[in-house]
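Thanks for coming, everyone. Please have a look at the structure on the screen, and then I will walk you through it.

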Amino acid sequence: MVAEISGGAPAEDCAAMPGRVRQRRLWSCTEKRALVDLASAAGSSVPEVAEAFGVAPSQLYAWRKQMAGGKIEAAGRWQLSRGSK
């Protein structure tokens, strides 16, 4: 079962408005982590969570990979890799 996250509009809300162009949604790091956690929870799946929140499944997989690689911290900040000078 997919739980609700505050601030996320269901996918069908945007699709139900004829003549409106769907705008890109900006997700905070905290929201990204919550969606990835939901998709990883027992009884739910990436496609189910993606459809419920209007996110492409590939985007959830990408966020999960970024979190595993340490690019998105649990505290909600992006880790920028800096080259040595």
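**Around helix α3**

Let's start in the middle. The cover over the buried residues of α3 includes α2 and α4. Contact here means heavy atoms within 4.5 Å. Helices are DSSP runs of H or I with at least four residues, strands are runs of E with at least two, and numbering starts from the N terminus. Buried means under 20% relative accessible area, exposed means over 50%, and partly exposed is in between, with a 1.4 Å probe and protein chains only.

A word on the model. It is predicted, so local features need pLDDT of at least 70 and side-chain atom pairs count only at pLDDT 80 or more, while totals for chains, interfaces and linings use all residues. Residues are numbered from 1 along each chain as its sequence is written, and side-chain values use heavy atoms, with hydrogens and water left out.

Which residues of α3 are buried? They are Val46, Val49, Ala50 and Phe53. Looking down the axis of α3, these buried residues fall within an arc of 100°, so they line one face of the helix. That arc is taken over the directions from the helix axis to the C-beta atoms. Just after α3 comes Gly54, with a positive phi of about 70°.

Now the overall picture. The chain has four helices and zero strands. Its order from the N terminus is α-α-α-α. Of its 85 residues, 25% count as buried. Among contacts with a separation of 6 or more, 58% join residues 24 or more positions apart. The accessible surface is about 6300 Å², and carbon and sulfur atoms hold 53% of that. Those areas come from the Shrake-Rupley method with a 1.4 Å probe; for residues, only the protein chains shown count as cover.

On to the core. A nonpolar core is a set of buried Ala, Val, Leu, Ile, Met, Phe, Trp, Tyr and Cys residues joined through side-chain atoms within 4.5 Å. The largest one has 15 residues, and Trp27, Leu35, Val49, Phe53, Val55, Leu60 and Trp63 touch the most other members. Helices α2, α3 (46-53) and α4 (57-68) each supply at least two residues of this core. Which helix gives the most? That is α2, with five residues. As background, nonpolar side chains tend to be buried together in soluble globular proteins.

Next, charge. A salt bridge is a side-chain nitrogen of Lys or Arg within 4 Å of a carboxyl oxygen of Asp or Glu. By that rule, the count is one. Glu31 pairs with Arg25, and their closest N and O atoms are 3.1 Å apart. Is Glu31 buried or exposed? Glu31 counts as buried because its relative accessibility is 14%. Arg25, at 32%, counts as partly exposed. Glu31 sits in helix α2 (residues 29-40). Its side chain also reaches the backbone nitrogen of Ser28 at 2.9 Å.

Last stop, Pro57. This residue lies in helix α4. Pro57 is partly exposed, because its relative accessibility is 35%. What does Pro57 touch, leaving out residues up to four places away in sequence? The answer is Val46, Pro47 and Ala50. Ser45 is 12 residues from Pro57 along the chain, and their C-alpha atoms are separated by 9.6 Å.

Technical notes. Polar contact = N/O pair within 3.5 Å; in protein donor to acceptor, adjacent residues only side chain to side chain.
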